[in-house]
Amino acid sequence: MSEAEKASKKVGFFKLVKAEFKRCSWPKRDELIRQSALVIVVSVVLGGIIAGIDWLIRLGLQMIGL
């Protein structure tokens, strides 16, 4: 395959990607902010739960002498 054919395929690929992005439905700004905030809150809560379970397991292991 020649360099010109490779370059042509790359350009064609990016044109297809650009066309696909135009067909996507993007969320509104306020919806995006609410969803992002929800992801952050859920991540922090789950992180706290995991940290609490880890602390309890560590405490239990210390109590039995491991």
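This is a predicted model: local features need pLDDT of at least 70, side-chain atom pairs count only at pLDDT 80 or more; totals for chains, interfaces and linings use all residues.

Residues are numbered from 1 along each chain as its sequence is written, and side-chain values use heavy atoms, with hydrogens and water left out.

The protein has 2 helices and 0 strands, where helices (H or I, at least four residues) and strands (E, at least two) are DSSP runs numbered from the N terminus. How many of the 66 residues count as buried? The share is 0%, with buried meaning under 20% relative accessible area, exposed over 50%, and partly exposed in between (1.4 Å probe, protein chains only). The accessible surface comes to about 6400 Å², and 70% of that belongs to carbon and sulfur atoms; such areas come from the Shrake-Rupley method with a 1.4 Å probe, and for residues only the protein chains shown count as cover.

Turning to charged side chains, the structure holds 2 salt bridges, a salt bridge being a side-chain nitrogen of Lys or Arg within 4 Å of a carboxyl oxygen of Asp or Glu. One of them joins Glu 20 to Arg 23, with the closest N and O atoms 2.3 Å apart. These two residues are 3 apart in helix α1 (residues 3-23), so about one helical turn separates Glu 20 from Arg 23. Glu 20 is partly exposed at 39%, whereas Arg 23 is exposed at 64%.

The other salt bridge is between Arg 58 and Asp 54, at 3.4 Å from N to O. Here the residues lie 4 apart in helix α2 (residues 29-64), again about one helical turn, and Arg 58 is partly exposed at 45%, as is Asp 54 at 43%.

Which rings come together? The search finds 2 aromatic pairs, meaning rings of Phe, Tyr and Trp (its six-membered ring) with centres within 6.5 Å, where planes under 30 degrees apart count as stacked, over 60 as edge-to-face and the rest as tilted. Phe 13 and Phe 14 have ring centres 5.3 Å apart and planes at 70°, so that pair is edge-to-face. Phe 21 and Trp 26, with centres 5.9 Å apart and planes at 20°, are stacked. Phe 21 is partly exposed at 47%, while Trp 26 is exposed at 57%.
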